Amino acid sequence: MARRKNRVISALDIEITGVADKGKGVGRDEEGRVIFVERVVPGDVVDVRIVKKKKGFFNGFPTNFKKLSEDRIEPLCEHFEVCGGCQYQSLSYETQLKHKSIAVSDALKRIAKVEFEELLPIVPCEEITYYRNKLEFAFSNKRWLTQEEVDAGEISNEEDVLGFHRARAFDKIVDINHCWLQPDPSNDLRIGIKEIAKEQGLPFFDIKKNDGFMRHILIRNTTLGEVMLIVSFFRNDQKKIKAFFDVVLEKFPQLTSIFYCINSKQNDFLLDLEMVNYHGKAFIEEQLGHVRFKIGPKSFFQTNSKQAKILYDKVVEFAELKGTENVYDLYTGIGSIALYVAKNCKQVVGIEEVADAIKDAKENAAMNQTENCVFYAGDVRKILTDEFAEKHGKPDLVITDPPRAGMHNKVVDMFLKLEAPKIVYVSCNPATQARDINLLSEKYDLVKVQPVDMFPHTYHIESVALLKLKKGKE
Ligand SMILES: C[S@@+](CC[C@H](N)C(=O)[O-])C[C@H]1O[C@@H](n2cnc3c(N)ncnc32)[C@H](O)[C@@H]1O
């Protein structure tokens, strides 16, 4: 490793051999130390500027590409690497899938440390563009400048933009011209809304000063062609809000639903704000297989609807239900998995932290005439107790689909106490899933794992694991 005069530490000729957390490339220096490198892909050989030394490893950025990986392809998007959203876009889809599969397999080997029968071949997406049903864009009066623009000099970043937050640059937004992730009318809507706000002289948000008027938009859509627009304004100026929406509706009469909220807080979190239904329906509808869902402005819903159906079909396949079972669906969101499996079992008990989501779950159950589901709002850690199990009966199957952080230790302990014959563990984070599988291995065998790709061009991967109570513990 060479040390330059200005104390910048560089590592030279680092061959990237794998992918680590958040899509970073991994290589080793000549002393065998691990280096995590941003914006590279396996097969690249790069010089690296080290930005952080940690015990046993380094983090850095490439300064010079000595060799480009043979797996590289021309990225689709003009904003690639600037917006930071689709880290894998320079890899062919086949190669993306290979690395996602390796990520699941590595986590199981390194963290879960259990033997198991089968890692099934990853399920790819049929559609690798325009697959998202939800995207959020931020307004800013400061544009993120590319390195080329900075190098060219004399360019001001004082510009009204609407796009994505640049990682580690909280006050600057990458202006998005075209995003390949969400279908029509997402791009037209975003561009149209930016124009309307500019024409009406509505101040774009100044993130540093925490002032302005236009703050965020969130666009949700469904495979049934319904579209919801949610706008967050900084101030409750009814005259301006009405004038703005009058033109939005004139230009986009196809909008199924419009909501707005007033966010005068210092943070962007929208779930704690009142959503006002300005126009159209208070929800949009989605159909996954035999189940219809109403999706409200705050509802959690899997962001790739077509792949969500495939994911839920895997859950049903792994569950092997006969119709007599008592099923718990933990972290149920708007009851999506619960309602999907309900026709295959005796009853489903769903638990979810967000009270509004449970309201949606109950409404969705009624809409689908599903009468064998009960839902509870609250933290799984607090709700899933001995008394709860006594009231609802011990589960024959637990389906769990926690957030990225995985399950709390106390929830895992409760699983070990409940001793359900089967667990189907759905996860969006192979590392925390593997950690929890390791803890569960005290009483459970891991049988098989099915990676499902739901987010082409990103490092994200979903995986479904089937665990069975060890022989002698039943
Ligand atoms: C990955 S989502 C899964 C949702 C649902 N299973 C689906 O497929 O749409 C995780 C859900 O867990 C909820 N959640 C997060 N922490 C929780 C907790 N401690 N207790 C209960 N629910 C929680 C979130 O609000 C979110 O709806």
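1. Val452 is in contact with Val123, Gln307, Ile310, Leu311, Lys314, Glu462, Ser463 and Val464, neighbours within four places in sequence being left aside. Contact is taken as C-beta atoms, placed from the backbone, within 7 Å. Val452 belongs to strand β23; strands (E, at least two residues) and helices (H or I, at least four) are DSSP runs numbered from the N terminus. Val452 is buried, with 23 other C-beta atoms within 10 Å. The burial classes are: buried at 20 or more other C-beta atoms within 10 Å of the residue's own, exposed at 12 or fewer, partly exposed in between, with C-beta atoms placed from the backbone.

2. On provenance, the model is predicted: local features require pLDDT of at least 70 and side-chain atom pairs pLDDT 80 or more, while totals for chains, interfaces and linings use all residues. Residue numbers start from 1 along each chain as its sequence is written.

3. The chain is divided into domain 1 (2–67), domain 2 (96–127 + 306–469) and domain 3 (134–288). These bounds come from an automatic or database domain assignment. Between domain 2 and domain 3 the C-alpha centres are 33 Å apart.

4. Helix α5 has 15 residues and spans 21 Å from first C-alpha to last, close to the 21 Å expected at 1.5 Å a residue; the expected span is 1.5 Å times one less than the number of residues. Its buried residues include Gln307, Ile310, Leu311 and Lys314. The buried residues of α5 pack against β16 (284–288), α6, β21 (397–400), β22 (422–427), β23 (444–452) and β24 (462–469). Just after α5, Glu320 has a positive phi of about 45°.

5. The largest nonpolar core has 110 residues, and those touching the most other members are Leu229, Leu311, Val315, Val341, Ile399, Val424 and Leu467. Such a core is a set of buried Ala, Val, Leu, Ile, Met, Phe, Trp, Tyr and Cys residues joined through C-beta atoms within 7 Å. Helix α5 (residues 305–319) gives this core its largest share, seven residues. Domain 2 and domain 3 each contribute at least three residues to this core. A second, separate core of 14 residues includes Ile14, Ile16, Val37 and Cys86.

6. Some backbone angles deserve a check. Most residues other than glycine have a negative phi, and most peptide bonds are trans. Arg39, in the loop between β5 (34–37) and β6 (45–54), has a positive phi near 60°. Arg39 is partly exposed, with 17 other C-beta atoms within 10 Å. His457, in the loop between β23 and β24, has a positive phi of about 75°. His457 is buried, with 25 other C-beta atoms within 10 Å. The Asp184 to Pro185 peptide bond is cis, with omega near 5°, and Pro185 sits in the loop between β11 (169–175) and α3 (186–199).

Definitions and conventions:
Two residues are in contact if their C-beta atoms, placed from the backbone, lie within 7 Å.
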